[in-house]
Amino acid sequence: MQKLTVSGQTPYEILIENGLINSVGEYVRAVSSAKKVLIISDTNVSPLYGNIVKSSLEKSGFTVF
């Protein structure tokens with residue numbers, strides 16, 4: 001897995017790995033105790049990846065909107 005750090009006022013990491021999107025729920029669960037999450041997307045990205053992200057988040061115990 002490759003990690004990139006985005007510099008700025010609040011730096012953050014981006015993880016890059018083939019198939020990582022299927023594990024997004026596990027990664028979010030590791031950093032959040034939230035029970036609910038909201039996916040914000042657009043009409044280009046959502047049809048491609050929305051259901052994959054939603055499913056992964058639900059499998060990790062989140063209620064997804």
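**A hairpin, a patch and a pocket**

Val6 sits opposite Tyr12, a residue of strand 2. Before I go on, note that this is a predicted model.

That facing pair belongs to two strands. Strand 1 covers residues 2-6, and it pairs with strand 2 in the antiparallel sense over 5 bridges. Strand 2 itself runs over residues 12-16. Together, strand 1 and strand 2 make a hairpin, with 5 residues between them. In the turn you will find Gly8, which has a positive phi of about 155 degrees.

Next, the surface. Which residues form the nonpolar patch? They are Leu4, Tyr12, Ile14 and Ile16, and together they have about 340 Å² of accessible area. Strand 2 contributes the most to this patch, with 3 residues.

Take Ile16, which is found in strand 2. Its relative accessibility is 39%, so Ile16 counts as partly exposed. The band for that label lies between the buried limit, under 20%, and the exposed limit, over 50%.

As a general point, side chains in a regular strand alternate between the two faces of the sheet.

Now the largest pocket. Its volume is about 180 Å³. The lining consists of Glu13, Ile14, Leu15, Leu20, Ile21, Val24, Tyr27 and Val53. Where does the largest share of that lining come from? It comes from strand 2, with 3 residues. Helix 1, residues 24-31, also supplies at least two residues of the lining, as does strand 2.

To close, strand 2 gives the most to the nonpolar patch and the largest share of the pocket lining.

Notes. Residues numbered from 1 in each chain as written. Predicted model: local features only at pLDDT ≥ 70, side-chain atom pairs only at ≥ 80, totals over all residues. Heavy atoms only, no water. Patch = residues over 30% accessible without salt bridge, like charges linked within 9 Å, V, L, I, M, F, W, Y side chains within 5 Å. Areas by Shrake-Rupley, 256 points an atom, 1.4 Å probe, with all protein chains shown as cover. Salt bridge = Lys/Arg side-chain N within 4 Å of Asp/Glu carboxyl O. Helix = DSSP H or I, 4+ residues; strand = E, 2+ residues; numbered from the N terminus. Buried < 20%, exposed > 50% of the residue type's maximum accessible area, 1.4 Å probe, protein only. Pairing = 2+ DSSP bridges. 1 Å grid on protein atoms, 1.4 Å probe; cavity = no way out; pocket = protein on both sides within 12 Å on 5 of 7 lines; lining within 4 Å. Points joined across faces, edges and corners; volume = space filled by probe spheres on them.
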